[in-house]
Amino acid sequence: GDCWNEIPRTFDAPGNVKHDVWLASLMEWRKHHLKNHTGEIYHEGSLVWTRTSFVQPQVHAYDRYLFDGAWTVDRYLDDLKQRYGGIDSVLIWPTYTNIGIDDRNQFDYFRALPGGLSRLAETTREFHQRGVRVLWGYNPWDQATRQEGNHWDTLAGLLKATGGDGFNGDTMLTIPEEFWRSSLRVGHPIAAEPEGGGYSCAGNWTSAGWTPLGWGYF
């Protein structure tokens with residue numbers, strides 16, 4: 001919808017408005033939007049890590065620090081430790097630059113990683129052993145390749161199978177609730193991270209209740 005083309009804005013400074021009037025308007029805005037905000041994800045113990053996930057690079061599957069004939073998680077993390085002190089989570093992205101060359105969908109590219117899903121599960125465990133959480137890149141615009149049902153169901157099942165912790169919603173200002181509900185149905189709560197930071201779609205901020213992560217470019 002039109003939401004995808006909106007330019008997110010922060011609140012304007014007081015300007016010529018008296019500070020107490022300006023502050024009261026912010027408090028009223030907050031009160032109004034909290035009516036539909038349950039915040040249930042923030043009570044999920046398995047996702048407490050999202051509160052301190054500050055540094056998260058995006059890594060493509062062809063990064064030779066991560067894979068150079070074999071998966072080398074320690075080499076990749078050691079390099080980042082030396083470069084800028086280490087990371088809290090990592091976003092794995094295997095679809096670029098291959099998606100679209102045939103009818104394989106974005107999930108097939110995770111399955112096609114060297115060693116398949118079983119090796120990806122082991123790679124995820126290796127990240128976890130170093131205290132790093134693992135997110136997958138999700139492309140909502142992947143609509144013309146091989147279809148296999150609802151994206152939220154497929155993604156939740158694959159993340160559970162590999163022990164993944166969540167996903168980044170490419171191009172998405174916010175994340176539909178179906179992704180959160182699907183992860184609960186399979187017994188594997190996941191963290192959703194909209195690229196757009198979780199900004200409101202048509203003035204509705206309820207998605208903040210199931211999107212504990214956002215993205216900043218640095």
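Colleague: Where is Asp165 found?

Modeller: Asp165 is found in the loop between helix H5 (151-162) and strand E4 (166-169); helices (H or I, at least four residues) and strands (E, at least two) are DSSP runs, numbered from the N terminus. This is a predicted model, in which local features need pLDDT of at least 70 and side-chain atom pairs count only at pLDDT 80 or more, while totals for chains, interfaces and linings use all residues. Residues are numbered from 1 along each chain as its sequence is written, and side-chain values use heavy atoms, with hydrogens and water left out.

Colleague: Is Asp165 buried or exposed?

Modeller: Buried means under 20% relative accessible area, exposed over 50%, and partly exposed in between (1.4 Å probe, protein chains only). Asp165 has 7% relative accessibility and therefore counts as buried.

Colleague: Which polar contacts does the side chain of Asp165 make?

Modeller: A polar contact is a pair of N or O atoms within 3.5 Å; within protein, one must be able to donate a hydrogen and the other to accept it, and residues adjacent in sequence count only if both atoms are side-chain atoms. Here the side chains of Asp165 and His128 are joined at 2.7 Å, and the Asp165 side chain also reaches the backbone nitrogen of Val134 at 2.7 Å.

Colleague: In what order do the strands form the sheet?

Modeller: Strands of a sheet pair through backbone hydrogen bonds, either parallel or antiparallel. In this case 5 strands form an open sheet in the order E1-E2-E3-E4-E5, with parallel pairing; two strands pair if DSSP finds at least two bridges between them. Strand E1 (58-60) and strand E5 (191-194) stand at the edges with a single partner strand each, so one side of each lacks a neighbour in the sheet. Between strand E2 (residues 89-93) and strand E3 (residues 133-138) there are 4 bridges, and Leu91 has Leu135 as its bridge partner in E3.

Colleague: At what angle do helix H2 and H4 pack?

Modeller: Two packed helices are described by the angle between their axes and the distance between the axes. Axes are lines fitted to C-alpha atoms, for helices over the stretch in contact, and angles run from 0 to 180 degrees between N-to-C directions. Helix H2 (residues 73-84) packs with H4 at about 40 degrees, the axes being 10 Å apart. Contact (heavy atoms within 4.5 Å) is made by Val73, Tyr76 and Leu77 of H2 with Thr123, Glu126 and Phe127 of H4.
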